[in-house]
Number of protein chains: 2
Amino acid sequence: MKIIKTVKEMQSLAESLRRDKRIGFVPTMGYLHEGHLALVRKARELADVAVVSIFVNPIQFGPTEDLSRYPRDFDRDAALLEKEKTDIIFCPEAGDVYPEGYSTYVEVKGLEDYLCGRTRAGHFLGVATVVAKLFNMVKPHFAVFGQKDYQQLKIIEKMVRDLNMDLTIVPHPTVRENDGLAMSSRNTYLSPEEREEALLISASIRRAEQLFKEGERNVAVIEGEVAKVLGSKGGLTVEYVSISHADTLEALEKIADRAVLAIACRVGKTRLIDNTILMEA
Amino acid sequence: MKIIKTVKEMQSLAESLRRDKRIGFVPTMGYLHEGHLALVRKARELADVAVVSIFVNPIQFGPTEDLSRYPRDFDRDAALLEKEKTDIIFCPEAGDVYPEGYSTYVEVKGLEDYLCGRTRAGHFLGVATVVAKLFNMVKPHFAVFGQKDYQQLKIIEKMVRDLNMDLTIVPHPTVRENDGLAMSSRNTYLSPEEREEALLISASIRRAEQLFKEGERNVAVIEGEVAKVLGSKGGLTVEYVSISHADTLEALEKIADRAVLAIACRVGKTRLIDNTILMEA
């Protein structure tokens, strides 16, 4: 396993690899969990060379968000990636990625107006920009993204299509703990009591899936039931519960087309998100 | 000479060419003149394969600008490019470049606030976006841009650097008619009288160069002299005369560092620009 620390070295290696190898890429912010490792296994399965980046992207954090306390443990990450037979870890410095005077941004208009984009101003501008940059550094044939960050996945898919980036985005289903909690590096912030509260999120999603299965198509009814589950213990602050079109992310009133249920909550200081595709087509 | 009309075909050919050939690229909006052909010769000199795109980019025109009357003559362009031993003409349709639902933009902040950016809202957003897309389609090792569109050149250089695009921007000096007028596809709009008026632009640049050579470093003095020349016949409407830092494009008061003199004028309905680097370093 190669550890590459500079943009220049990554780019020149990628250029020569791309001549006769398929490059699979998993961009991460590190502090890896089983969810990330599932993406890495997918990349390995599809590619000749699996590249995993570890980069906590400063420009996707708002001024009041958790950039400085975002969990980091490179040695642990490297050991996990070694076990998964990762070929290359790419871990550039922030000053190499965003040198003095940096001022160019990739904006995917429309999709950023919904869900998390409404409260996290500039977040998806930072995400799209860093992913565009990482793609130019790693030159992958495909990149694997978790469905857990659903809006991010949709924005990256649209950016790739709109800007004619010559690569395939491979979505991967959300990986969950045994008790249902969606895996996230931020779960590490949770106290045991908060961890218990957080289980209501996946429970509310199962409730919505059940209602949909029973034939409920009225969005207000399902959202109301979801909110009821989320509020049942009193420790969760709901940021949004939204049933939206699964591609445009526009809010729906009736479910008659591809639909996603997306949830964002706070448990103590920790912000958690989760989602499920209620209707596939 | 190959003529390629779809994004898909261009991209897959570029991918296979890039394995063992250096690709040189000249993006144009067609209606080629000697200025463009000089860029093509430069690309041929540096590359194994010279690709020239012809695409009148709708999103870089403002609502009151000349998109619909922008001059087009594909057969003439193709004959000129054939003579220059161009390998590939890439001429995609607007609907292939910007399909329904398109909404992603590349913004180079800062540089767009000056010179033409002040009056042509959204112009450089459209330029940066289409050039980013064309680079993803043509996958060049380098791309040649004329210095005549100085602000565009600086914005593209910054975009390439900021987004880590793995290619080199090669600037090319402005090519002029024998009488000094900077070559432009828009010169074709000029009546004989307007053509005569337009000569004041290059004359005013020569005046500024002379003043600088004589030791003048006060920006207001040089700009004043330039404006005097431009106003001497009464047929030009000056949009701006600006001596700016040659990299940041910020307005200067004294010339003590890299400096560019840039001019935009209207002659009748036609907008013309020109520039010169007054101080190199």
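**Exercise 1. Locate Lys139(B) in chain B and state whether Lys139(B) is buried or exposed.**

Step 1. Lys139(B) sits in the loop that links α6 (123–138) to β6 (142–146) of chain B. Helices (H or I, at least four residues) and strands (E, at least two) are DSSP runs, numbered from the N terminus.

Step 2. The phi angle of Lys139(B) is near 50 degrees, a positive value in a residue other than glycine.

Step 3. Lys139(B) has 22 C-beta neighbours inside 10 Å and therefore counts as buried. A residue is buried if 20 or more other C-beta atoms lie within 10 Å of its own, exposed if 12 or fewer, and partly exposed in between, with C-beta atoms placed from the backbone.

A note on the model applies throughout. The model is predicted: local features need pLDDT of at least 70, side-chain atom pairs count only at pLDDT 80 or more, and totals for chains, interfaces and linings use all residues. Residues are numbered from 1 along each chain as its sequence is written, while chains are lettered from A and ligands numbered from 1 in the order in which they are written.

**Exercise 2. Describe the contact between chain A and chain B.**

Step 1. Chain A puts 24 residues into the contact and chain B puts in 24 residues. Two residues are in contact if their C-beta atoms, placed from the backbone, lie within 7 Å.

Step 2. On the side of chain A that touches chain B, α1 (7–17), β5 (104–108), α5 (123–138) and α6 (150–162) each supply at least two residues. β5(A) gives the most, with five residues.

Step 3. That side of chain A divides into 10 nonpolar, six polar and eight charged residues. Here Ala, Val, Leu, Ile, Met, Phe, Trp, Tyr, Cys and Pro count as nonpolar, Asp, Glu, Lys and Arg as charged, and the others, Gly among them, as polar.

Step 4. Of the interface residues of chain A, 100% are also interface residues in chain B, so the copies meet through the same surface.

Step 5. β5(A) and strand β5 (residues 104–108) of chain B run antiparallel and are joined by five bridges. Two strands pair if DSSP finds at least two bridges between them. In this pairing Val106(A) stands opposite Val106(B).

**Exercise 3. Characterise the fold and the domains of chain A.**

Step 1. Chain A holds eight helices and 10 strands.

Step 2. Its radius of gyration is 19 Å, close to the 19 Å from the globule rule for 281 residues, so chain A is as compact as a globular protein of that length. The radius is taken over C-alpha atoms, and the rule is 2.2 Å times the number of residues to the power 0.38. The C-alpha trace of chain A spans about 55 × 40 × 40 Å along its principal axes.

Step 3. Of the 281 residues of chain A, 41% count as buried.

Step 4. The assignment, automatic or from a database, gives domain 1 (2–172) and domain 2 (185–274) in chain A. Their centres, taken over C-alpha atoms, are separated by 26 Å. The contact between them takes 12 residues from domain 1 and 12 residues from domain 2.

**Exercise 4. Which strands of chain A form a hairpin with two residues between them?**

Step 1. β9(A) and β10(A) form this hairpin, and Gly268(A) in the turn has a positive phi of about 60 degrees.

Step 2. Nine bridges join strand β9 (residues 259–267) to strand β10 (residues 270–279), and the two run antiparallel. Ala264(A) is opposite Ile273(A) in β10(A).

Step 3. The loop between β8 (236–245) and β9 of chain A contains Leu249(A). Leu249(A) has a phi near 65 degrees, positive in a residue other than glycine, and counts as buried because 21 C-beta neighbours lie inside 10 Å.

**Exercise 5. Describe the surroundings of Ala143(A).**

Step 1. Ala143(A) belongs to strand β6 (residues 142–146) of chain A. With 25 C-beta neighbours inside 10 Å, Ala143(A) counts as buried.

Step 2. Leaving aside neighbours within four places in sequence, Ala143(A) is in contact with Phe25(A), Pro27(A), Leu167(A), Ile169(A) and Val170(A).
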